[in-house]
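Below is a report on one protein chain.

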Amino acid sequence: MNGTLVGKRLIGTQAPVTVGWENLPRVEGGPVKLFVFTWFQPAMLLGLIAFWFYAPNSIAKASTAIGIGIGFKALLLALEWVNPRFDSWRLTWKEAVTDLFYVGLGYTVLRLVDDYIGSDAVADYIQQGLHWDKLNWFMTLPLLLQAFIISFVFDFGQYWMHRGMHNWQPLWLTHAPHHYITQLNINKGAVGNPVELFLIGLGIGGFFDFLPRAALLAGTFGLAVGTYQHINVRFNSPRWWRFLFNTTEHHSVHHSQDYEASRSNYSGTWIIIDRLFGTCVDGEAELLGMEGGRPMSIRETMSYPFTEGWKSIRERFARPIAGEPVAVPAE
């Protein structure tokens, strides 16, 4: 494969990657279908923002957000059957059951761990210990501005954590299992080693004293934008949406079997961060995964960072056996 030159990198030399919005398929059908799959994403984002902005305090709470999140993902799951992006990504019962295992893990064990040693908990300990109230001014900002800052700051940190996972071996070992998924579906974002899922959720938002409603509004960006990273639905997303936000197309490139393509589109919500740092590739890929698309079992996913880490340590510090020839690099 010759690949496509994007900046200084050749994308698609190892596996097919379509580069450029103009080269992607569009939703076809009647005017109603075209309208729905063009404006569904902006309409849902604006609708959810309006809900959290005007909702009474009695229902503007975390439990409501969890319920909305589950209902929203159920709706997107239905859309996957109505208008799939690729038939090869259609969800099977085996895939669905496996995904639900990881989703359950996220709602139980990982949530419990995050409450005690997550970034917000650590920030709270530091603030209490240092009596640090220098960021109280944050609560005086307009509510929507607070929400935007929380979302953007968190995603900025997530961008660098994610990029670090692709450039530093110890972090890559935790992240690698997630790149063994061979299709994108609504719950694939939960698939991965628990260590990686904990690390990717770290941020500095806990240092800001913000209203609970601002946090719920910030979470809306993650729900109504970030959720689309892992979804098998074809949208005619508006150009401004694709410029600002991460999309299924962007994330499919990141999961491509092509190495250079996988080192792009690191942000979770705001793809404009990738544009600022030159790591954005607009396009899409159908063939996903690693090792030619080999799926990884739950057991291997749970143990991979530790078994591969131990192998790496042994190889690095292994001493040659007496009498055994030592390989000399060719000049």
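A salt bridge is a side-chain nitrogen of Lys or Arg within 4 Å of a carboxyl oxygen of Asp or Glu. The model is predicted, so local features need pLDDT of at least 70 and side-chain atom pairs count only at pLDDT 80 or more, while totals for chains, interfaces and linings use all residues. Residues are numbered from 1 along each chain as its sequence is written, and side-chain values use heavy atoms, with hydrogens and water left out.

## Salt bridges

The structure holds eleven salt bridges.

| Asp87 | Arg90 | 3.4 Å |

Glu291 is exposed, at 54% relative accessible area.

Asp87 is exposed, with 58% relative accessible area. Arg90 counts as partly exposed at 30%. Arg275 is also partly exposed, at 25%.

## The chain as a whole

The protein chain has 13 helices and four strands. Helices (H or I, at least four residues) and strands (E, at least two) are DSSP runs, numbered from the N terminus. Of the 331 residues, 46% count as buried.

Contact means heavy atoms within 4.5 Å. Take the contacts in the chain with a separation of 6 or more: residues 24 or more positions apart account for 77% of them.

The chain exposes about 17600 Å², and carbon and sulfur atoms supply 65% of that area. Accessible areas come from the Shrake-Rupley method with a 1.4 Å probe; for residues, only the protein chains shown count as cover.

## Helix H1

Helix H1 covers residues 31–54. How well does the span of H1 agree with 1.5 Å a residue? Its 24 residues should span 34 Å, and its end C-alpha atoms are 32 Å apart, which agrees. The expected span is 1.5 Å times one less than the number of residues.

H1 is bent. The bend is about 50° at Trp39, and Pro42 follows within four residues. The bend at a residue is the angle between axes fitted to the seven residues ending there and the seven starting there.

Several H1 residues are buried, among them Phe37, Phe40, Pro42, Leu45 and Trp52. What do the buried residues of H1 pack against? They meet helix H2 (62–82), helix H5 (143–165), helix H8 (212–224) and helix H9 (239–244).

Val36 lies in H1 and counts as partly exposed, at 35% relative accessibility. An α-helix has 3.6 residues a turn, so residues three or four places apart point the same way.

## Loop residues

Most residues other than glycine have a negative phi. Asn265 has a phi near 55°. Glu291 has a phi of about 55° and is not a glycine.

Are Asn265 and Glu291 buried or exposed? Asn265 is buried, with a relative accessible area of 0%. Glu291 is exposed, at 54%. Asn265 is found in the loop between helix H11 (259–262) and helix H12 (272–276). Glu291 sits in the loop between strand E4 (283–284) and helix H13 (298–317).

Thr269 also lies in the loop between H11 and H12. Thr269 counts as buried, at 8% relative accessibility. Leaving out residues up to four places away in sequence, Thr269 touches Asp155, Phe221, Gly222, Val225, Gly226, Leu244, Phe245 and Asn246. Thr269 and Gly222 are 47 residues apart along the chain, yet their C-alpha atoms are separated by 6.3 Å.

Definitions and conventions
Buried < 20%, exposed > 50% of the residue type's maximum accessible area, 1.4 Å probe, protein only.
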